[in-house]
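Please look through the sequence and the model below before reading on. The paragraphs that follow move from an open site to the packing around it and then to the chain as a whole.

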Amino acid sequence: MPLIIGLLIMALATAGWYGWREHAHATALLDEASGAAGQPLATTNEVERVLRALIEAIPSPVFLTTADRVILHANRAAQYMVELPRDRLLGQVLAKAIQDYETTQMLIAAATSGTPQERTISRSAERETWHVTVQPLSLPGPNTPDDTKKVSHLLLFIDDETKLRYLENVRKDFVASVSHELRTPLASVKLLAETLGDAVTDDPAEAQAMSGRITVEVDHLT
């Protein structure tokens, strides 16, 4: 995911991308974009298609917002997560869509400090676990100097780790159960072996019986 974030930020910065033209709250202010070789791309539409495809290709929910957290774009994974279509998401305050206090606080912190935020959030009420990354962007507008560092946009990435955490808990429970199941017969084998050492010379019959019991315990362990 860090690599994807880096590539997306580079693409947005190169394109001077500010929003999607199809929404009144998200007017596009695209500057001329340069390709990998430093050559201008053919058209603004081409830049937009590349950026759209890049965001949509990310399997996790991705939101692009203004610094005030107004949604400019949400990929298909994001729409699926909040169960809202694109036309109902664009122009809406992100907090209303995701309804998560900690994520909203991370967005505010990123916009205020200009530094990325990353945290794993346990959403107890929904029984969900999110790994949230917020990346602030400083994209100059048409009347803004290029060296302006004020945060203009926010990129929000959400990895739903609910299933991963569930599987991790299952693994821990399994290991604990196996450890418990092994501990009892191992203790029995140790006790029988110690007793066998004393009985070998003094009580051969008892030693033979203990040898058989040790075999049973080993079979149990196997």
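A pocket is here an open set of grid points, on a 1 Å grid over the protein atoms alone, with protein on both sides within 12 Å along at least five of seven lines, and its lining residues are those that have an atom within 4 Å of a point. The model to which this is applied is a predicted one.

In this model the largest pocket has a volume of about 360 Å³. Its lining consists of 16 residues, and those nearest the centre are Tyr80, Met81, Val82, Glu128 and Trp130. Two or more lining residues come from each of helix H3 (76-82), helix H5 (94-98), strand E4 (128-137) and strand E5 (153-160). Among the contributors, H3 gives the most, with four residues. Sorted by class, the lining holds nine nonpolar, six charged and one polar residue.

In soluble globular proteins, nonpolar side chains tend to be buried together. The largest nonpolar core of this model has 22 residues, of which Phe63, Ile71, Leu89, Leu94, Val132, Val134 and Leu156 touch the most other members. The elements that supply two or more residues to this core are strand E2 (71-74), helix H6 (101-113), H3, H5, E4 and E5.

What does isoleucine 71 touch, if residues up to four places away in sequence are not counted? Its partners are Phe63, Leu64, Thr65, Leu89, Leu90, Gly91, Gln92, Leu94 and Ala97.

Finally, the chain can be viewed as a whole. It contains eight helices and five strands, which follow one another along the sequence in the pattern α-α-β-β-α-α-α-α-β-β-β-α-α. Of its 222 residues, 36% are buried, where buried stands for a relative accessible area under 20%. Among the contacts in the chain with a separation of 6 or more, 48% are between residues 24 or more positions apart.

Conventions
Residues numbered from 1 in each chain as written. Predicted model: local features only at pLDDT ≥ 70, side-chain atom pairs only at ≥ 80, totals over all residues. Heavy atoms only, no water. 1 Å grid on protein atoms, 1.4 Å probe; cavity = no way out; pocket = protein on both sides within 12 Å on 5 of 7 lines; lining within 4 Å. Points joined across faces, edges and corners; volume = space filled by probe spheres on them. Nonpolar A, V, L, I, M, F, W, Y, C, P; charged D, E, K, R; others polar. Core = buried A, V, L, I, M, F, W, Y, C linked by side-chain atoms within 4.5 Å. Buried < 20%, exposed > 50% of the residue type's maximum accessible area, 1.4 Å probe, protein only. Contact = heavy atoms within 4.5 Å.
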